[in-house]
Amino acid sequence: MGKIIGIIFAGLLGLLLLVGVGGCNAYNGLVGSRQAVDKSWAQVETVYQRRADLIPNLVSTVSGSANFERQVLREVTEARASVGQVKLNPGSAPDSADQLKQFQAAQGSLSSALSRLLVVAERYPDLKASQGFRDLQVQLEGTENRISVERQRFNEAVQRYNTGVQTFPRVLIARLFNFQAKPYFTAEAGSEKAPKVNFDFNAPAK
């Protein structure tokens, strides 16, 4: 009888050890996936900040053109300021869809204001001769492309993390240690391609 009890005890001990190792691996995997999401989010913030940093130079360059519409410049400046007012968790990706929607809405307003500015800028041929304006064209095009790329990478990182959070057996560890699913960037109208920054005044407006 004592031998049978010993075998049962050893079996239970082995099972507990197996569960413990599996649980540790699942926990560490979730932590790694969450860190990958946060790292990807940091890249998203970096490229958006890069765009925001270009705006003062853009406004300064454009405003140097005689009679340029001040309302358009004001809209861009105000939209840039509203982006800075969106407060998220420092160092980590948004925890809720509402947080990400606020961020995305502010950035979308800035994109719209920039688009209006660039459309109006086509009416001022003197800007075409400005080397500073041409340099900004290249930088804005590159930044818009990077924004598109980093958003896609962020969504891919979120997908991997959310898959871990919602699939067995990691879902048990996720619930135990409060790992919550992360929100995705949602598609916006025309977001399938980066906004076109066009300073060719001889080309028809699109």
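Guide: A residue is called buried under 20% relative accessible area, exposed over 50%, and partly exposed in between (1.4 Å probe, protein chains only). This is a predicted model, in which local features need pLDDT of at least 70, side-chain atom pairs count only at pLDDT 80 or more, and totals for chains, interfaces and linings use all residues. Residues are numbered from 1 along each chain as its sequence is written, and side-chain values use heavy atoms, with hydrogens and water left out.

Visitor: Which residues make the nonpolar surface patch?

Guide: Y27, L176 and F177 make it, and it covers about 310 Å². Patch members need over 30% relative accessible area and no salt bridge, with nonpolar side chains joined within 5 Å and like charges within 9 Å. Y27 has 31%, so it is partly exposed.

Visitor: What makes Y27 and F179 an edge-to-face pair?

Guide: Rings pair if their centres lie within 6.5 Å, and planes under 30 degrees apart are stacked, over 60 edge-to-face, the rest tilted (for Trp, the six-membered ring is used). The structure holds eight aromatic pairs. In this one, the ring centres are 5.6 Å apart and the planes stand at 75°, so the pair is edge-to-face. Y27 lies in helix α1 and F179 in the segment after α5, so the pair ties together parts that are 152 residues apart in sequence. F179, with a relative accessible area of 4%, counts as buried.

Visitor: And what makes Y48 and F103 edge-to-face?

Guide: Their centres are 5.3 Å apart with planes at 80°, so the edge-to-face label applies here too. Y48 in helix α1 and F103 in helix α3 are 55 residues apart, so this pair links distant parts of the chain. Both residues are buried. Ring pairs also link W41, Y48, F103, F154 and F185 into a cluster.

Visitor: Which residues have the most contacts inside the largest nonpolar core?

Guide: W41, F68 and L117 do, in a core of 46 residues. The elements giving two or more residues to this core are α1 (2-63), α2 (70-84), α3 (97-121), α4 (131-166) and α5. The largest share, twelve residues, comes from α1. A core like this is a set of buried Ala, Val, Leu, Ile, Met, Phe, Trp, Tyr and Cys residues joined through side-chain atoms within 4.5 Å.

Visitor: What does F68 touch?

Guide: Leaving out residues up to four places away in sequence, F68 touches V62, L73, L117, V120, A121, Y124 and L127. Contact here means heavy atoms within 4.5 Å.

Visitor: How do you know that R51 forms a salt bridge with E144?

Guide: The term asks for a side-chain nitrogen of Lys or Arg within 4 Å of a carboxyl oxygen of Asp or Glu. For R51 and E144, the closest N and O atoms are 3.3 Å apart, so the pair qualifies. R51 lies in helix α1 and E144 in helix α4, so they tie together parts that are 93 residues apart in sequence. R51 is buried, and so is E144. In total, the structure holds six salt bridges.

Visitor: How do you know that R123 forms a salt bridge with E69?

Guide: Their closest N and O atoms are 3.1 Å apart, so they pass too. R123 is in the loop between α3 and α4 and E69 in the loop between α1 and α2, so the pair ties together parts that are 54 residues apart in sequence. At 55%, R123 counts as exposed, while E69, at 25%, counts as partly exposed.

Visitor: Which peptide bond is cis?

Guide: The one from F168 to P169, with omega near 5°. P169 is in the loop between α4 and α5.

Methods
Areas by Shrake-Rupley, 256 points an atom, 1.4 Å probe, with all protein chains shown as cover. Helix = DSSP H or I, 4+ residues; strand = E, 2+ residues; numbered from the N terminus.
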